[in-house]
Amino acid sequence: DIVQEEKVFYEVQQDRRLCLDGLPFFAVCSDLQTWMEKHVGFKLASSAFFVVLGMDNRPSGRAVVDFGSHAAAAKALGIFAGGKLFECGDASNVHCERLLLVRPLRRD
């Protein structure tokens, strides 16, 4: 349950990373970086973005973002509550719109 995950994130985990769910499989780091910086209002290094690969070594539709501090990650989690529209691709050939969910990492 996302409410419980957020409670643990704010009160216990102190993690500086968040997970993005729902990415198009062809999304690239520069698309993610531009989109994220637009919403959070501060710069993130391209090395802060990690695309999660599946067992077949292909993109899974998830990524992890390292915000550098728990405070910055907590601010981002609040900004993205409920998800935000993500657009990527070039307009002439491939264009995609998705609602991305930003959530705490799960500890499995």
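The model is predicted, with local features requiring pLDDT of at least 70 and side-chain atom pairs counting only at pLDDT 80 or more, while totals for chains, interfaces and linings use all residues. Residues are numbered from 1 along each chain as its sequence is written, and side-chain values use heavy atoms, with hydrogens and water left out.

Gln33 sits in helix α2, residues 29-40 (helices, H or I, of at least four residues and strands, E, of at least two are DSSP runs, numbered from the N terminus). The 12 residues of α2 should span 16 Å at 1.5 Å a residue, and the end C-alpha atoms agree, being 16 Å apart (the expected span is 1.5 Å times one less than the number of residues). Just after α2, Gly41 adopts a positive phi of about 85°.

Gln33 counts as buried because its relative accessibility is 18% (buried means under 20% relative accessible area, with a 1.4 Å probe and protein chains only). Also buried in α2 are Leu32, Trp35, Met36, Glu37 and Val40. The elements covering the buried residues of α2 include β2 (49-53), β3 (59-66) and α3 (70-79).

Beyond its neighbours within four places in sequence, Gln33 is in contact (heavy atoms within 4.5 Å) with Leu44, Ala45, Ser46 and Phe49. Its side chain reaches the backbone oxygen of Leu44 at 2.5 Å. Phe49, in turn, has Val65 of β3 as its bridge partner. Strands β2 and β3 pair in the antiparallel sense over five bridges (pairing needs at least two DSSP bridges). Five residues lie between the strands of this hairpin, where Asn57 takes a positive phi near 70°.

Technical notes
Buried means under 20% relative accessible area, exposed over 50%, partly exposed in between (1.4 Å probe, protein chains only). A polar contact is a pair of N or O atoms within 3.5 Å; within protein, one must be able to donate a hydrogen and the other to accept it, and residues adjacent in sequence count only if both atoms are side-chain atoms.
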